[in-house]
Amino acid sequence: MDTIRLYRTTVGKKAVMAVTGAVLLLYVVAHMLGNLTIFSGPEAIDGYGRWLREVGAVWPTRVALLVAVALHFTAAYQLTARARRARGRYAHRRPVRGGYAARTMRWGGVVIALFVVYHLLDLTAGWLNPHGVPGEIHANVVADFQHWYVVLAYTAAVLALALHVRHGVWSATRSLGVTTSRAIGLVAATAIAAGFLSVPFAVFTGLVS
């Protein structure tokens, strides 16, 4: 009951967003590092995918991510609704303008969510992939990123993710009572964007084939 009462508070919802955001960020970093094995050749990235399936990490990870995403989006929606009610209550006050990242967190989240759906249909299910053979990760990735429009969509999604991470890291640490510099979020966002975007541009330019 104490946990439920805490969640009903603004502080509790922000804490849920911070913790689930940290879980999702750890997955993003792990996923990025897995993607980078493509630079070691087809066997490296295909073998990495086989290893994940053999150790039984795929479905537990998917379930954990689904729970984290559901909690993260629910808390975000409830906090947004609460903030709107508060603004209506104090409409006579001059609104405080936040940074660009803070103002676009909600739309960035929508862009990321839509891209995740496409990404799952493309490289997980293989339904939208030009090659689409299960287990042939390298071939599927190369088949995808030979097309400029796929690279463009991927780039837009990664930039939205980077913007989300930049503000989210700073906001989450504050919610958990840790004082950090905004530069930490910027460094994390830049590293993640560079890591993810290196793959499609390497394929598109012929460095990976």
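pLDDT is the predictor's confidence in each residue, from 0 to 100. I looked up the average for this predicted chain and found a pLDDT of 90, with 92% of the residues at 70 or above.

I noted the ground rules. The model is predicted, with local features needing pLDDT of at least 70, side-chain atom pairs counting only at pLDDT 80 or more, and totals for chains, interfaces and linings using all residues. Residues are numbered from 1 along each chain as its sequence is written, and side-chain values use heavy atoms, leaving out hydrogens and water.

I compared the elements, where helices are DSSP runs of H or I of at least four residues, numbered from the N terminus.

I checked the UniProt record, an unreviewed entry, which places "transmembrane region" at residues 15–39, 59–79, 100–121, 147–165 and 186–208. Such annotations may be inferred rather than shown by experiment. Residues 59–79 are 100% helix and 0% strand, with end C-alpha atoms 30 Å apart. Residues 186–208 are 83% helix and 0% strand, and their end C-alpha atoms lie 28 Å apart.

I searched for salt bridges (a side-chain nitrogen of Lys or Arg within 4 Å of a carboxyl oxygen of Asp or Glu). The whole structure has 2. One of them joins Arg5 and Asp2 at 2.2 Å, N to O. Arg5 and Asp2 are 3 residues apart in helix α1 (residues 2–8), so about one helical turn separates them.

Conventions: Helices (H or I, at least four residues) and strands (E, at least two) are DSSP runs, numbered from the N terminus.
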